[in-house]
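Trainee: I have just opened this structure for the first time. Could you take me through the terms as we go?

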Amino acid sequence: MKLLVNFSRGKGRGPIIAQVVRDTGVLINVERAVIDSSEGEALIEVPDDQCKLVRDTMTRLGAKVNILEHGINLNESECIDCGACISICPREVFSFDPEWKLKMAEERCVLCGKCIDACPHKALTLPL
Ligand code: SF4
Ligand code: SF4
């Protein structure tokens with residue numbers, strides 16, 4: 001299960017992901033992270049049966065946590081199968097099927113948003 005975590009890095013706050021790993025023993029896979037001196041956003045993956053434990057522990061530590069059921073949304077009625085999203089995606093989420101229709105491996109998506117701007121038909125949106 002994927003979780004999108006937003007946290008602040010104010011004075012006295014420790015590294016939240018490391019704290020959660022230490023406190024819960026859950027191994028966390030960090031798929032994407034953007035962190036500066038004051039705040040951070042991380043997309044993490046945890047085992048489904050430990051998702052609630054990780055979410056609750058992070059929330060207690062002051063983070064805002066969203067459980068992501070899906071990757072990027074594709075509006076198939078808007079898609080013209082141009083392939084622009086295929087080359088821009090760093091995770092190879094998109095490809096063509098044998099009939100040159102766009103297909104997705106949604107579970108690979110890390111919600112970086114790069115494909116949204118690349119799509120000429122606004123067929124892609126974030127799930128949040
Ligand atoms: S949001 Fe990023 S990872 Fe997900 S499909 Fe778009 S470009 Fe690929
Ligand atoms: S860029 Fe947009 S219109 Fe083109 S294949 Fe991807 S989703 Fe479809």
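**Strands, shells and exposure**

Mentor: Lys2 stands opposite Leu68 in β4. This is a predicted model in which local features need pLDDT of at least 70 and side-chain atom pairs count only at pLDDT 80 or more, while totals for chains, interfaces and linings use all residues. Residues are numbered from 1 along each chain as its sequence is written, and chains are lettered from A and ligands numbered from 1 in the order in which they are written.

Trainee: What counts as a strand or a helix here?

Mentor: Both are DSSP runs numbered from the N terminus: a strand is E over at least two residues, a helix H or I over at least four.

Trainee: How do you know that β1 and β4 pair?

Mentor: Pairing requires that DSSP finds at least two bridges between the strands. β1 and β4 have five bridges, in the antiparallel sense, so they pass that cut-off. Strand β1 (residues 2-8) is also joined to strand β3 (residues 39-45), by seven bridges, and these two run antiparallel as well.

Trainee: What is the order of the strands in the open sheet?

Mentor: The four strands are ordered β2-β3-β1-β4, with antiparallel pairing. β2 (29-35) and β4 (64-68) are the edge strands, because each pairs on one side only. From one strand to the next the twist averages 15°; axes are lines fitted to C-alpha atoms, for helices over the stretch in contact, and angles run from 0 to 180 degrees between N-to-C directions.

Trainee: Which helix lies across β1 and β4?

Mentor: Helix α2 (residues 51-60) does, running at about 160° to β4.

Trainee: Is Leu111 buried or exposed?

Mentor: Leu111 has 20 other C-beta atoms within 10 Å, so it is buried. Leu111 sits in the loop between β7 and α4 (114-118).

Trainee: What makes the phi of Leu111 worth a remark?

Mentor: Most residues other than glycine have a negative phi. Leu111 is not a glycine, yet its phi is positive, about 55°. Trp100, also not a glycine, has a positive phi of about 60°. Trp100 lies in the loop between β6 (94-96) and β7 (102-104) and, with 8 other C-beta atoms within 10 Å, is exposed.

Trainee: Which residues come nearest to ligand 1?

Mentor: Of the 13 residues around ligand 1, Cys89, Val93, Cys109, Cys112 and Cys115 come nearest; a residue is near a molecule or strand if its C-beta atom, placed from the backbone, lies within 6 Å of it. For ligand 2, 14 residues surround the molecule, and Cys79, Cys82, Ala84, Cys85 and Cys119 are the closest.

Conventions: Two residues are in contact if their C-beta atoms, placed from the backbone, lie within 7 Å. A residue is buried if 20 or more other C-beta atoms lie within 10 Å of its own, exposed if 12 or fewer, and partly exposed in between; C-beta atoms are placed from the backbone.
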